[in-house]
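Q: Could you take a close look at one residue in this structure and say how it sits among its neighbours? Please then go on to a strand elsewhere in the chain.

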Amino acid sequence: MDFLPIFLDIREQPCLVVGGGEVAARKCAMLLRAGARVTILAPKLGKAFDADLAASRVTHRAAGFQDADVAGYALVIAATNDDVVNRAVAAAARARQIPVNVVDHPALCSFIMPSIIERAPVIVAVSTGGASPILARLLRARLENLIPAGYGRLAALAAAFRDQVKAHFKPAERRRVWERVLQGPIAEMVLSGRDAEARQALQKAIDDQSLASGNGEVALIGAGPGDPDLLTFRALRLMQRADVVVYDRLVSPQVLDLVRLDAERIYAGKERAKHTFPQEDINQLLVRLAREGKRVVRLKGGDPFIFGRGGEEIATLAAEGIPFQVVPGITAAAGCASYAGIPLTHRDYSQSVIFVTGHLQDGSMNLNWATLAQPRQTIVIYMGLVGIEILCAQLIAHGLVADTPAALISASERASTGGESGASSAGRSSQPSQ
């Protein structure tokens, strides 16, 4: 390890930045964010300093550098374009055992400035030891995607209740308590912006001692049309901390591979006239798993609430008092239309879009044909292949012209479409062929 990763408290501490250019301004801004009192030493300052100079903690000394200038500072940064000056700053600071950073010259540094992901009070720092600052920034960008902005508020919540948890729970219980808080429904309330509700829930859980035991939770997640890049950040986070995943036939192997490796996997897929589990059994399975204290992910192709029967599942969970959340996904309508290059709406041709199911019941199809057969409207039909002759005949009979352009999209591969209850979708539209 070339550098010791530490975090310095420089609040109200005097810090020196040598240099007046754009890079020096960025370093000054970072010091100000950490609460430091900054002195800028440079013959003149660039425009980048205008905003910082308005801050009460910034002082400008219009002069060149002398060795004695570093005396009395808690931290020094050299950010000039003059290598001789930079080396002089480094030598003077080291001689007085003052931490010094020379921008883009790690050999002269006693500390380096990492790339930072700030979720105050949570701070994540990434460094390559000066070997490749660009790589550090790329890694930071990836971590930015994985660490929601709400983690800072979650840390603040934990700090506010730390003493209460310590007073109410035995030492052996506290780890389990905090795991439940920071990875359970209370954390999800914070991450979704429901901070006040989270505080109330945590207070109640502490008062009734339910954090040391109790139910797990269920997340109904839309797995989209099969491409793992189309998952939401929240979906990925929940999948990677699941204890068990109950997944459908239309969930692609690539998406399923993103679930935590040691999570239990239960297949509950459905095909036409062939159901692994009846829907009511799936509902009760989710309840049972949650009551065992497990974090359950119900993974559905497409979106849980677009012909995915998610409404039935959350109704059962709500009736049984099981905490749950729903994470939307890209449904087959959006996924197929995007892949095919067909806009669902278009200002010139289609001012509305309607989703219907073409699933046959007892050989018939009960749809509001008059509503569907409207001009300048895109109709998206899920599970329409088996009943396509009925669909076409009824739409024509109710006024849709026979040469209305249509697209039929079907595939046997699980990754090709979304929608929990069927692997095909057909679009019929008043738009011209594209």
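A: Thr316 counts as buried because its relative accessible area is 13%; buried means under 20%, exposed over 50% and partly exposed in between, using a 1.4 Å probe and protein chains only. The model is predicted, so local features need pLDDT of at least 70 and side-chain atom pairs pLDDT 80 or more, while totals for chains, interfaces and linings use all residues. Residues are numbered from 1 along each chain as its sequence is written, and side-chain values use heavy atoms, without hydrogens or water.

Thr316 belongs to helix H12, residues 310–319. Helices are DSSP runs of H or I with at least four residues, strands are runs of E with at least two, and both are numbered from the N terminus. Beyond its neighbours within four places in sequence, Thr316 is in contact (heavy atoms within 4.5 Å) with Asn283, Gln284 and Val287. With Asn283, the side chain of Thr316 also makes a polar contact of 3.5 Å. Such a contact is a pair of N or O atoms within 3.5 Å; within protein, one must be able to donate a hydrogen and the other to accept it, and residues adjacent in sequence count only if both atoms are side-chain atoms.

The strand is E6, residues 115–119. In a regular strand the side chains alternate between the two faces of the sheet. In E6, Ser115, Ile117 and Arg119 make up the covered face, and Ile116 and Glu118 the uncovered one. E6 runs antiparallel to strand E7 (residues 122–126), with 5 bridges between them; pairing requires at least two DSSP bridges. Glu118 has Ile123 of E7 as its bridge partner, and a hairpin of 2 residues links E6 to E7.
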